[in-house]
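This report starts with the core, then turns to the fold and the surface. Keep the structure in view while reading.

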Amino acid sequence: MSDSTLQVLLDAMALLQELPDDKHWLFGKGRTKVGEPLYGSQIFNSYEDGTTKERPFAEAENDDSRECVRTALNRARGRQ
């Protein structure tokens, strides 16, 4: 893993630490088709048994990793 890839992951994780403990999150890099944004982030509610039983309640995609996470977090804040 290159230093820049590691830094992208560390930056995303630092931003996602703002979420309360009852939220789960996913952050990923990759494309499934041409023209799709490079990064994606999803935020889920978690339940007492530790699972997520629903689709994400906030998500975002962007070619900029930090903007991707910030957008998902802003959408989550609007729905909490």
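In this predicted model, the largest nonpolar core holds 17 residues. Leu16, Phe27, Tyr39, Ile43, Val69 and Leu73 have the most contacts inside this core. Four elements each supply at least two of its residues: helices H1 and H2, and strands S2 and S3. H2 gives the most, with five residues. In soluble globular proteins, nonpolar side chains tend to be buried together.

The elements that each supply at least two core residues are listed here.

| Element | Type | Residues |
|---|---|---|
| H1 | helix | 3–16 |
| S2 | strand | 39–45 |
| S3 | strand | 58–62 |
| H2 | helix | 65–77 |

Which residues does Tyr39 touch, not counting those up to four places away in sequence? Val8, Phe27, Gly28 and Lys29 are among them. Ala60, Glu61, Asn62, Asp63 and Asp64 also touch Tyr39. Ser65 and Cys68 complete the list. One of these partners, Phe27, is also among the core residues with the most contacts.

Next, the overall fold. The protein has two helices and three strands. Along the sequence, the pattern is α-β-β-β-α. The radius of gyration is 13 Å, close to the 12 Å that the globule rule gives for 80 residues, so the protein is as compact as a globular protein of that length. Its C-alpha trace spans about 35 × 25 × 25 Å along the principal axes. Of the 80 residues, 32% are buried. Among contacts with a separation of 6 or more, 37% join residues 24 or more positions apart.

Now the surface. The accessible surface of the protein comes to about 5,500 Å². Carbon and sulfur atoms account for 48% of that surface. Leu9, Met13 and Trp25 form a nonpolar patch there. Together, these three residues have about 240 Å² of accessible area. Leu9 lies in helix H1.

Lys53 sits elsewhere in the chain, in the loop between S2 and S3. Lys53 is exposed because its relative accessible area is 57%, and exposed means over 50%. Where does Lys53 stand relative to Lys29? The two are 24 residues apart in sequence. In space, Lys53 and Lys29 are 23 Å apart, C-alpha to C-alpha. Lys29 is also one of the residues that Tyr39 touches.

Terms used. Residues numbered from 1 in each chain as written. Predicted model: local features only at pLDDT ≥ 70, side-chain atom pairs only at ≥ 80, totals over all residues. Heavy atoms only, no water. Core = buried A, V, L, I, M, F, W, Y, C linked by side-chain atoms within 4.5 Å. Buried < 20%, exposed > 50% of the residue type's maximum accessible area, 1.4 Å probe, protein only. Contact = heavy atoms within 4.5 Å. Patch = residues over 30% accessible without salt bridge, like charges linked within 9 Å, V, L, I, M, F, W, Y side chains within 5 Å. Areas by Shrake-Rupley, 256 points an atom, 1.4 Å probe, with all protein chains shown as cover. Salt bridge = Lys/Arg side-chain N within 4 Å of Asp/Glu carboxyl O. Rg over C-alpha atoms; globule rule 2.2 N^0.38 Å.
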